[in-house]
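Me: I am new to this structure and would like to go through it step by step. Could you take my questions in turn?

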Amino acid sequence: MSLVAEAFVSQIAATEPWPENATLYQQLKGEQILLSDNAASLAVQAFLQMCNLPVKVVCRANAEYMSPSGKVPFIHVGNQVVSELGPIVQFVKAKGHSLSDGLDEVQKAEMKAYMELVNNMLLTAELYLQWCDEATVGEITHARYGSPYPWPLNHILAYQKQWEVKRKMKAIGWGNKTLDQVLEDVDQCCQALSQRLGTQPYFFNKQPTELDALVFGHLYTILTTQLTNDELSEKVKNYSNLLAFCRRIEQHYFEDGGKGRLS
Amino acid sequence: MAAPLELSCWGGGWGLPSVHSESLVVMAYAKFSGAPLKVNVIDNTWRGSRGDVPILTTEDNIVSHPAKILNFLRKQKYNADYELSAKQGADTLAYIALLEEKLLPAVLHTFWVESDNYFTVTKPWFASRIPFPLSLILPGKMSRGALNRILLTRGEPPLYRVQEVEAQIYRDAKECLNLLSNRLGTSQFFFGDTPSTLDAYVFGFLAPLYKVHFPKVQLQEHLKQLSNLCRFCDDILSSYFRLSLEGTSPAGQETVDANLQKLTQLVNKESNLIEKMDDNLRQSPQLPPRKLPTLKLTPAEEESNSIQRLSP
């Protein structure tokens with residue numbers, strides 16, 4: 001969104017309270033959604049749960065095309081549509097709910113840096129695994145991505161998306177990486193997250209922030225999604241405090257009193 | 001380690017040992033960790049490759065890409081990070097990711113995509129260091145690669161347009177600079193008193209932005225307002241790079257006498273000031289004062305010229 005449009009949206013957002021019928025759109029849970037999109041969607045759900053904002057999850061096959069930026073998930077609140085975790089956090093902040101108000105400047109900088117780390121390494125690794133690793137692509141991704149559409153559209157869309165993702169990987173320098181190198185990067189990233197978390201319950205001690213939501217979204221999805229090989233989830237399982245962290249958030253925000261449901 | 005390490009990278013200018021961010025990162029890290037590095041500057045002979053610069057060659061391997069080169073140097077026991085705690089190591093990774101996601105697109109844009117900058121500064125500089133006829137092809141290729149990277153990571157498919165993302169990437173970059181400035185605070189380096197990998201990366205990304213003279217300078221202006229980041233760059237330049245340029249002492253992690261450092265900084269500031277005044281004087285129009293300023297002057301110079309006219 002351009003700067004003017006963003007300023008306009010945040011002005012409008014500030015005037016209305018959070019409605020009861022806010023909806024979050026993602027792709028079809030059972031057949032279509034992929035690892036990276038599921039992670040992003042779960043992160044947003046976790047964030048909204050942490051802010052105590054009710055939201056209904058709706059699954060649509062064309063969610064990616066409905067979204068204003070082309071990425072899922074997106075939320076439909078009142079008469080505004082906002083997609084991706086970053087803009088959603090800002091939108092929610094404009095409405096007066098924020099998880100990171102209690103942090104000082106240095107901590108906010110750290111939080112942003114760690115969120116970029118997760119986006120840079122974990123998300124890119126997930127995309128690589130889904131779209132550039134031939135085994136996974138053949139067995140899982142192609143079949144899932146095009147499943148709501150009839151032949152030949154399902155093949156065409158899947159190839160188009162694969163081509164797009166491969167272009168992006170090449171542009172950022174991941175085009176020549178082997179799977180082992182990617183898994184090593186994931187390991188490094190998890191190690192950094194584990195060291196930062198240490199023995200605390202959340203990344204910034206007592207209160208969860210958007211960083212916790214993002215990390216939970218990605219790690220939980222990696223741990224619970226079945227791929228052709230389990231190496232990705234094995235890398236995460238090496239770090240017990242990250243496992244405990246995911247378990248804690250799952251229990252607190254998703255099973256407690258039936259607030260929200262996890263796939 | 002006895003194996004000679006040779007680094008081939010782009011050369012320097014405007015007071016920097018190298019104008020290319022990634023080369024600068026590797027050079028800075030080598031200085032911080034004390035690795036003896038022989039620097040081969042790419043020039044316009046056909047010797048050497050200029051593909052994936054910077055490239056580190058030892059007797060048996062060739063390593064490209066700054067992250068891999070740094071890993072290699074660490075394995076050779078040139079480690080600038082061994083004093084860092086585990087959490088600080090994790091922070092390093094996070095901040096490097098922040099730099100690459102938020103600052104790099106805008107730096108690439110300033111150098112390679114912004115047409116004024118590209119055609120007046122970047123392209124001539126790189127073309128003069130590449131042999132003909134590659135000099136006609138390679139800068140264009142690098143520029144297109146930079147544009148590609150910006151659009152693919154920030155643009156919205158399927159219509160990638162650069163105007164839409166320009167405002168966003170500059171805003172992100174300014175935010176990133178503010179965050180770095182907040183994190184640095186008043187300390188000399190990011191983690192205490194000794195420089196580490198993060199300092200090398202920040203220096204590598206910021207120093208070209210800070211020193212190279214561009215026509216379109218919005219990001220540079222923003223950086224210059226963050227005085228602790230400017231001081232950080234100047235400190236590293238004066239303590240780790242001036243010595244080797246003068247050839248008086250071997251490269252390495254030497255602690256410069258604090259007084260000498262301060263003196264050098266003062267002298268540098270003075271000479272910068274004198275240079276600026278000199279520039280202004282030279283560029284003011286040599287015509288009688290009644291003449292209106294020409295359209296070529298930038299607003300800043302117009303202002304300084306009008307001030308000169310007002311003084312007796």
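Me: How many helices and strands are there in chain B?
Reply: This is a predicted model, and what follows is computed from it or taken from a record. Buried residues make up 47% of the 312 residues in chain B, and its secondary structure consists of eleven helices and four strands.

Me: Which residues of chain B does the UniProt annotation "domain: Metaxin glutathione S-transferase" cover?
Reply: The annotation comes from an unreviewed UniProt entry. The span in question is 70% helix and 0% strand, and its end C-alpha atoms lie 22 Å apart. According to that record, the domain covers residues 173-236 of chain B.

Me: At roughly what angle do the axes of helix α2 and helix α11 of chain A cross?
Reply: Two packed helices are described by the angle and the distance between their axes. On the α2(A) side the contact is made by Leu42(A), Gln45(A), Ala46(A), Gln49(A) and Met50(A), and on the α11(A) side by Ile249(A), Tyr253(A) and Phe254(A). These residues divide into six nonpolar, two polar and no charged. The axes come within 10 Å, in a left-handed crossing, and the angle is roughly 65°.

Me: Is Thr209(A) buried or exposed?
Reply: Thr209(A) lies in the loop between α8 and α9 of chain A, and, leaving aside residues up to four places away in sequence, it touches Met50(A), Leu99(A), Leu103(A), Met111(A) and Phe204(A). Because its relative accessible area is 2%, and the cut-off for that class is under 20%, Thr209(A) counts as buried.

Me: Where in chain A is Pro73(A) found?
Reply: The peptide bond from Val72(A) to Pro73(A) is also cis, with omega near 0°. As for its place in the chain, Pro73(A) is found in the loop between α3 (63-66) and β3 (74-77).

Me: Is Asn52(A) buried or exposed?
Reply: Asn52(A) lies in the loop between α2 and β2 of chain A, and it has a positive phi of about 65° although it is not a glycine. Because its relative accessibility is 58%, and the cut-off is over 50%, Asn52(A) counts as exposed.

Me: What is the relative accessibility of Glu84(A)?
Reply: Glu84(A) lies in the loop between β4 and α4 of chain A, and it has a positive phi of about 70° although it is not a glycine. Glu84(A) counts as partly exposed, because its relative accessibility is 28%.

Terms used:
Residues are numbered from 1 along each chain as its sequence is written. Chains are lettered from A and ligands numbered from 1 in the order in which they are written. This is a predicted model: local features need pLDDT of at least 70, side-chain atom pairs count only at pLDDT 80 or more; totals for chains, interfaces and linings use all residues. Side-chain values use heavy atoms; hydrogens and water are left out. Helices (H or I, at least four residues) and strands (E, at least two) are DSSP runs, numbered from the N terminus. Buried means under 20% relative accessible area, exposed over 50%, partly exposed in between (1.4 Å probe, protein chains only). Contact means heavy atoms within 4.5 Å. Axes are lines fitted to C-alpha atoms, for helices over the stretch in contact, and angles run from 0 to 180 degrees between N-to-C directions. A crossing is left-handed if the near helix is turned anticlockwise from the far one by less than a right angle, and right-handed if clockwise. Ala, Val, Leu, Ile, Met, Phe, Trp, Tyr, Cys and Pro count as nonpolar, Asp, Glu, Lys and Arg as charged, and the others, Gly among them, as polar. UniProt positions are given in the numbering used here, feature names are shortened, and annotations may be inferred rather than shown by experiment.
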